[in-house]
Amino acid sequence: MRVKKFISLTLSTMLCLQLLPTASFAAAPATDTGNAGLIAEGDYAIAGNGVRVTYDADGQTITLYRTEGSGLIQMSKPSPLGGPVVGGQEVQDFSHISCDVEQSTSGVMGSGQRMTITSQSMSTGLIRTYVLETSDIEEGVVYTATSYEAGASDVEVSWFIGSVYELYGAEDRIWSYNGGGEGPMHYYDTLQKIDLTDSGKFSRENKQDDTAASIPVSDIYIADGGITVGDASATRREVHTPVQETSDSAQVSIGWPGKVIAAGSVIEIGESFAVVHPGDYYNGLRGYKNAMDHLGVIMPAPGDIPDSSYDLRWESWGWGFNWTIDLIIGKLDELQAAGVKQITLDDGWYTNAGDWALNPEKFPNGASDALRLTDAIHEHGMTALLWWRPCDGGIDSILYQQHPEYFVMDADGRPARLPTPGGGTNPSLGYALCPMADGAIASQVDFVNRAMNDWGFDGFKGDYVWSMPECYNPAHNHASPEESTEKQSEIYRVSYEAMVANDPNVFNLLCNCGTPQDYYSLPYMTQIATADPTSVDQTRRRVKAYKALMGDYFPVTADHNNIWYPSAVGTGSVLIEKRDLSGTAKEEYEKWLGIADTVQLQKGRFIGDLYSYGFDPYETYVVEKDGVMYYAFYKDGSKYSPTGYPDIELKGLDPNKMYRIVDYVNDRVVATNLMGDNAVFNTRFSDYLLVKAVEISEPDPEPVDPDYGFTSVDDRDEALIYTGTWHDDNNASFSEGTARYTNSTDASVVFSFTGTSIRWYGQRDTNFGTAEVYLDDELKTTVDANGAAEAGVCLFEALDLPAAEHTIKIVCKSGVIDIDRFAYEAATLEPIYEKVDALSDRITYVGNWEEYHNSEFYMGNAMRTDEAGAYAELTFRGTAVRLYAEMSFNFGTADVYLDGELVENIILYGQEATGQLMFERTGLEEGEHTIRLVQNAWNINLDYISYLPEQDQPTPPETTVTVDAMDAQLVYTGVWNDDYHDVFQEGTARYASSAGASVEFEFTGSEIRWYGQNDSNFGVASVYIDNEFVQQVNVNGAAAVGKLLFQKADLPAGSHTIRIVCDTPVIDLDYLTYTTNA
């Protein structure tokens, strides 16, 4: 366990910070006797609000401490100052010259203290000046600025490194927040676990450059807190904030691009903020946000956020590009009734990026059609949003043809495309508009005005704004090519100001799909998106990060996906959806819409500093709304989740008040009579538990039901099977007033159930004994029921069983035992879907599809196409269907049709992953259905389709049908003669007296029998079933009637034909019988 070292900040500590009145500008070293063993004799130190920094001149290292009360907690190991990279190597031969400490100064963050360290490199001649400032205002923050002065020669530096801090006190794991934008989604997830026990070495560069905007911040933390390092710049610039695992910890630092330092010149190479903090990355990011306020990068205040930014939203992207105005208008009544208050018209409405003109195929009447849509939305009391892509001037646009001077030019003089994260291009992205070209800015403002004033839209959803390429266009008079990247936010700023000029309550969202958002775009948003998260816990972690950076009241949306609902509500996010839902999916959506609209947590105060991600037992989020604390506990995370059910602690409550804890999703009390200073309870839940703490003035009289979610089965239930002698017992203290007991050794009771948990309730008493408990025929324990008299005792429980059919058996071994009841947690077994491989002949392909292979595909095969409109189709009989495919950055989008109706547009573009569930529909009516996957954009693929077969209909009982010889269904060939006698079935029969004569009968059944005579003058017949010879039957013998001459059983279900051929006369037919369930 990490040891916290608390040291009294005595008067001698403060005295040691005073400057000595000497000719040198070096400060007196610290001689803090109260810090013995922590701060070494001779160290220099400065202090601020919640932080202390010491400098060891001999080792030239910086150590960071967090102050807590009157003590210090060491946060970093003694760490180097960082240096320039020259000739591929970091220069580390700096020698100490001086350290100047100013106790009282006004710095970047207002009043505080300053330390200036000067040192010189012997190999390069560079003199480094390293300035650190603390603040009396901002807690835990240290500002650092570095400059270099060259000596007699120029020095070419490829990279500058600063603010290097290695975390102190790590044990087995460290968590890191990584704000870099160089890669999306899975691998580049912002929050990563650094496992110090494995052989791998974690490393993330965390870039911000012309291919990747980012949050220019990284954080590393353990249970006691951590260290954040971020760029201290008022405008965006190229910067890296790498996180690297070390031999027994991890370090964070910052780096800026190198320069040539001319002989005798001084250059400032970069500034940074470091934050020491308790808890997790939320506190580090909040400290960074507060520091950036002093540089003028200020996020919107709560009062500046329009109400519409908190509204529940629906987006047309569920139909992909196939939406129509009438489709959207036709859905408004349903959405309004469900509580939706905002509608987004998504991609596909325009002619070309850059022009942003209405597509005549969608809007044949131009602006009047747009107004027809927005008017309908407004009539439903909703706001209308319009999707677009800022900074994109298009490729085939009129804007580019008429004004190429507006555009970014690459080093070869060609128009530059907007980049994807980390480099590369996306077919959707056009040429980049330069933020330093007045005409480019004006084109964006013209569009905003047109959309709001001519078409009636109330706000915007900006998409695909990852970064801006460097510009070499001489017409723009750039100070450097990087200026276009650094000033990208100018487009956002001016566009947003135009929006506000039209409507002060305008809505505006910008989305870097899959990656961290551009920090310098954040001041111009009224809502932020978690941007295509790939898991429920990833979206929750992003919510926490953006609340830290934007403010606790700022609206964040958890993106549109049904499995997001509990995560969106529990974290206080805005719930949005995009799909045209029906059946059970629609019911689930409306349920969560109702919950979200009731609790309104998106308008509450997010409290991010109570629980530490990765160290508290549960992944936990807290929102305060109208004085009530709401808690969300999750155990479905992909990065960490508890084993079993640890106690749940509610932090942040008033210690002097009593609370009732209510599960507001299921409207049940999970705990009560808890005092705020010890609000700990235990309850079981599957993936999430969303509760609120309701203040109560008097204790609740009713206890909490420990068996909530369990099904109770009383002792008299027919499902219980008793063996041996058992006696009925009656008492008001028993469940249902009854119980059963036995004192017979080996008497037993058996109960079978489908579920995940089981409990046995009974009595204890002084004459009671022991019982063996078996679960699925395995002895689990021997229960001793002897003790003080008590009824309704849980004598045995087994929790967290696999969802399956189980059997519990209780066997009396001594004394008396009884059964009051069983309680089990029911489970619905996962239905068995039938899988259809992509190469199955059941799937019909239209268009040009090609087969390709990967061992990770189902059956190793898949099909793909890039042909417009190509489709794959399967017809099946079932009640649910799923579609699986591969995701990759090489794939695009596809439309899914079910029974001829467009139901969803799916996005295959994303981080590489196979076997991904891309589409699902449940609750289909029994019968035949057809699913069709249609190419919409770029490449698409299909791995397999699975469906849930409809339930087998009950098999009708088998019946035996008798067919008399005279029945018209029998087809006779050759000479047959009628015969009459009372001994025959129905008094009639027919016989053949010539060879080759035959009789044929078609039936539906599983068994057939031929009845007739034996006699001394009878002969031989051959019997055929379905034209195949089965048997030759000899009917010669002693005279007898009504004899079973032939029988064929176990025929497959279906239609069959029996044919009897006379080989040697005479043969006869009295009657046939067959067994059928048709």
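## The largest cavity

In this predicted model, the largest cavity is lined by Lys 331, Glu 334, Leu 335, Ala 338, Leu 581, Lys 586, Tyr 589 and Glu 590. It holds about 50 Å³ of space. The structure contains 3 cavities of 30 Å³ or more.

Two helices, H3 (325–338) and H11 (583–599), each supply at least two residues of this lining. The largest share, 4 residues, comes from H3. Sorted by class, the lining of the largest cavity comprises 4 nonpolar and 4 charged residues, with no polar ones. Rolling a probe the size of a water molecule over the atoms shows where empty space is left.

## Helix H3 and its contact with H4

Helix H3 also takes part in a contact with another helix, H4 (residues 367–379). The axes of the two helices come within 10 Å and cross at roughly 10 degrees. Because angles under 35 degrees count as roughly parallel, H3 is roughly parallel to H4.

On the H3 side, the residues that meet H4 are Ile 325, Asp 326, Ile 328, Ile 329 and Leu 332. Their counterparts in H4 are Asp 369, Arg 372, Leu 373, Ala 376 and Ile 377. By class, the residues of this contact divide into 7 nonpolar and 3 charged, with no polar residue.

The domain assignment of the chain gives domain 1 (44–295), domain 2 (307–529), domain 3 (601–696), domain 4 (710–826), domain 5 (834–949) and domain 6 (958–1077). Taken over C-alpha atoms, the centres of domain 2 and domain 3 are separated by 39 Å.

Strand E38 gives the most, with 4 residues. The lining of the second largest pocket has 15 nonpolar, 7 polar and 7 charged residues.

With neighbours within four places in sequence left aside, Glu 695 is in contact with Lys 657, Met 658 and Tyr 659. Pro 216 stands 479 residues from Glu 695 along the chain, and the C-alpha atoms of these two residues are separated by 42 Å.

## Backbone features in two loops

Trp 356 lies in the loop between strand E26 (342–345) and helix H4. Although Trp 356 is not a glycine, it has a positive phi of about 50 degrees.

A further feature concerns the peptide bond that joins Pro 1065 and Val 1066. Is this bond cis or trans? The bond is cis, with omega of about 5 degrees. Val 1066 is located in the loop between strand E72 (1055–1064) and strand E73 (1067–1069).

Note on methods
Residues numbered from 1 in each chain as written. Predicted model: local features only at pLDDT ≥ 70, side-chain atom pairs only at ≥ 80, totals over all residues. Heavy atoms only, no water. 1 Å grid on protein atoms, 1.4 Å probe; cavity = no way out; pocket = protein on both sides within 12 Å on 5 of 7 lines; lining within 4 Å. Points joined across faces, edges and corners; volume = space filled by probe spheres on them. Nonpolar A, V, L, I, M, F, W, Y, C, P; charged D, E, K, R; others polar. Domains from an automatic or database assignment. Axes fitted to C-alpha atoms, helices over the stretch in contact; angles between N-to-C directions. Parallel < 35°, antiparallel > 145°, perpendicular 65-115°, else oblique. Contact = heavy atoms within 4.5 Å.
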